[in-house]
Every structure is written in C-alpha cells, then in structure tokens.
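Hi,

Here is the structure I promised to pass on. Have a look at it first, and then read on for what turned up.

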Amino acid sequence: MSVLPDPGASRAVLVGTGRYEHLEQLPAVPNNLQALADLLRGPLSLQLPARHVAVVEDPVAAHTVVGAVRQAAAEATDTLVVYFAGHGLIDAQDQLCLALPHTEFGRVETGLPYDWLRQVLLLDSRAERHVVILDCCYSGLALGRMGAGSPLADQAAVEGSFLLAAAAETRTALAPVGETYTAFTGALLDTLRHGIPGAPALLDLGVLYRHLRLMLEARGRPVPQARDRNSGAQVALARNRAVLPAVPVTAAPGVDAGERSWPDPRAIRTVTGFFTALADVRVVSGLTHRAISERSTGRIAAGTVSRLLNRSTLPATWNATAAYLAACGVPGEQITQWQAVWQQLRAETASVRAASPAAPRRGEPEKNRTWQRSFTVFRRKRGQ
C-alpha cells in the first residue's frame, strides 16, 4: 500500500552542480534544486520542514556532499531522499562518479564516487526507506551510455530503496537549451505539480516511474531506469493533484469516505507528522474550515479548526480532533487509529519532558537558582 512519509521523521538532501571549470555548464541545475526543494516543502508533496531539506549547490569537495548525506541519514528514521543533478562519469571499472565543479574529464578522482554515498546509506542510515534520484548527464559515447542492460542502476541500488535514474545519452537531450529545468527533473516536477489523470490518489514511485517513462518517450527523450528494493516503490512523493476535489464537498459526512485515500495514521511517528497528516485530511475532504464546522453540527467552530491545524504541540484533549476528523468524513475505524497515535505521541512527549532537567524560571539564571537553594539550606541549618 502506498504511503506518504512522516515529514517529521524524514529528510532530503538535494545536490547539484551546474558550474564547471572543465566540463560543459548546466545552467538548469540550480533551477532544479530550488524547484524541487520548494516542492518537497510544499503542500503538494512531502511537506517537509525547511530544516529537513538540505540543498548542496556546486559543492567544492566530495566530503561536503558525503557529510550532508551522513547527517541526514543519522537523523531520518522514516524516509531519506537523496537527489543529484549534474554531469555523471563512468570510470574504467564501470563505476559511477558524480562530477563536481573541479572535476576533469578523464580524472574521476576529482569527482565524487557514487559508491561513497551508497556506503553511507548502507552503513550509517537509520531510515527505513531510501529514495535515490540521479539526474546525471553524459557527454556522448565517450562517457558511456546508461541504456538497457547497463549495470549502472544495479550498482547504485541500496537495500530498502527505490532508485530513479535519468537515462541521458547526450547533454542536449538531458538539458535542452533554453528550458528552465533539465529534461528528466522538469518532467518529474511537472508530474508532481499537476498530477496524473486517472492515477491513484497517492503518486508513489512506481506510478511516477511508469508515467515518466511514457512522458519522456513521447517527447523523444531518453527514458529513465528504476530499481526497487524491498517495496521502495510504495513510497509516495505527493498526492495526485489531478484527483483532489476541485470544490468543497457538500455531501453529508461519511459519503464516499471509504473510497477516498485518507492519510494513514499508522504512518505517523512524530508530532510534525501528526499535524501534517491532520491538515492533509482537509485537503482530501475538499472542505473549507467553515464547511467542516457546519458538518460538525456545532461541535467545532471554524476558528477552532484553524487553530487545530496550526498548532505545534498536541492538544491536551481529544474531543476537538475527533470532531474535526468525523466532520471531514474520515471513517470511524481510522478515527480510532488516530486517537491511538495521539495517545502514543502524548505519552512519548511526556516521557521526554520528564527526562529533561527543569528549566530556570523566566528571567532567572540557573546559577542564581542554585545559589539561592544552597543559601536556603544554609540558613535552615543555622536555625537548627
């Protein structure tokens, strides 16, 4: 079953090189990075917090990229997305090397061996799932092709992951002159922004891959490759914009509820993920805040809906959230699952607070409080 990752437990590292000293320039790459970062942070996609999306543009050294990926791999417990756009080289041993600004043709030691990143994902990652997107271009036959039967995609694959690789055969085909984005990333962005008519409500990697193959082939451009390990294809990168309600739903609560792709509460692991999925429920329902209030028959006001969806801490009681979910049309069985998640997150939050040292009172330095406690004890002893 397709699932959107919990944004609070997921990370993305977007790497791109557009300016080269010795290779052809790729002016579309910075546009790729900015647009993809904005999309992953936005409501159409994973809704990742800004601090969870690392953009590494024109890295001066390989360790800069490896360090960013290693940090994200240590932080993510749900899904880790790693993206690269730029020139790709293949050495004499058929190993993939990602070109950096100082990389020279014929000297792969000046680039970043992809296997270094692969080892980080294999050895240092806490994430359950990995999404690797490689938008690499090649300089004609001299740099090799990533056609059918090539071991390139197999070599780049990581257990528990989905690899999506652009099969560019020439620089022109991958980064068309005058276009804002590279061919592959442009098609990916267009699909995530506008959706796929007739496709499922969640655009998982399997659906995206099949659509991108058809789209790029129809445009006469190289088609991508993909490798799926341990059901990585079920990771969704966005909701299908093409099937979301265009206008507020006015039917009674519960109508067609079972046919809609509601956010799965079982995929929620963090408080951030809880509120992101809660807001996503409204998107799926197609209802406005006022409509939700009206459908709740007075149980929850429109202003309360707004405050609920803009909270950063869990509500102390369950009633408002239950009323919101029911008014949106979420089935009762799922509402029970939502409540279980709310209870679990509240317990975890309380446990963390209990384990943390008490903070000083506002305006009172910790050292002053310690001195005052000691002085009080001293005076008590003197009075004994």
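Helices here are DSSP runs of H or I with at least four residues, and strands are E runs of at least two, both numbered from the N terminus. Counted that way, the protein has 13 helices and 10 strands. Please keep in mind that this is a predicted model.

First, the overall picture. The protein has 384 residues, and 50% of them count as buried. Its accessible surface comes to about 18300 Å², with 52% of that belonging to carbon and sulfur atoms. Among contacts with a separation of 6 or more, 75% are between residues 24 or more positions apart.

Next, the nonpolar cores. The largest one holds 48 residues, and Leu14 and Leu164 are the members that touch the most others in it. Beyond its neighbours within four places in sequence, Leu164 is in contact with Val132, Ile133 and Leu134, with Phe184, Tyr209 and Leu212, and with Pro224, Gln225 and Ala226. There is also a second, separate core of 29 residues, and Ala277, Leu308, Cys328 and Trp342 are among them.

One more residue may interest you: is Asp280 buried or exposed? Asp280 sits in helix α8, which spans residues 271-285. Its relative accessible area is 6%, so Asp280 counts as buried, the cut-off being under 20%. Setting aside neighbours within four places in sequence, Asp280 is in contact with Leu4, Gln47, Arg239 and Pro263.

Enjoy exploring it!

Best wishes

How values were computed: Residues are numbered from 1 along each chain as its sequence is written. This is a predicted model: local features need pLDDT of at least 70, side-chain atom pairs count only at pLDDT 80 or more; totals for chains, interfaces and linings use all residues. Side-chain values use heavy atoms; hydrogens and water are left out. A nonpolar core is a set of buried Ala, Val, Leu, Ile, Met, Phe, Trp, Tyr and Cys residues joined through side-chain atoms within 4.5 Å. Buried means under 20% relative accessible area, exposed over 50%, partly exposed in between (1.4 Å probe, protein chains only). Contact means heavy atoms within 4.5 Å. Accessible areas come from the Shrake-Rupley method with a 1.4 Å probe; for residues, only the protein chains shown count as cover.
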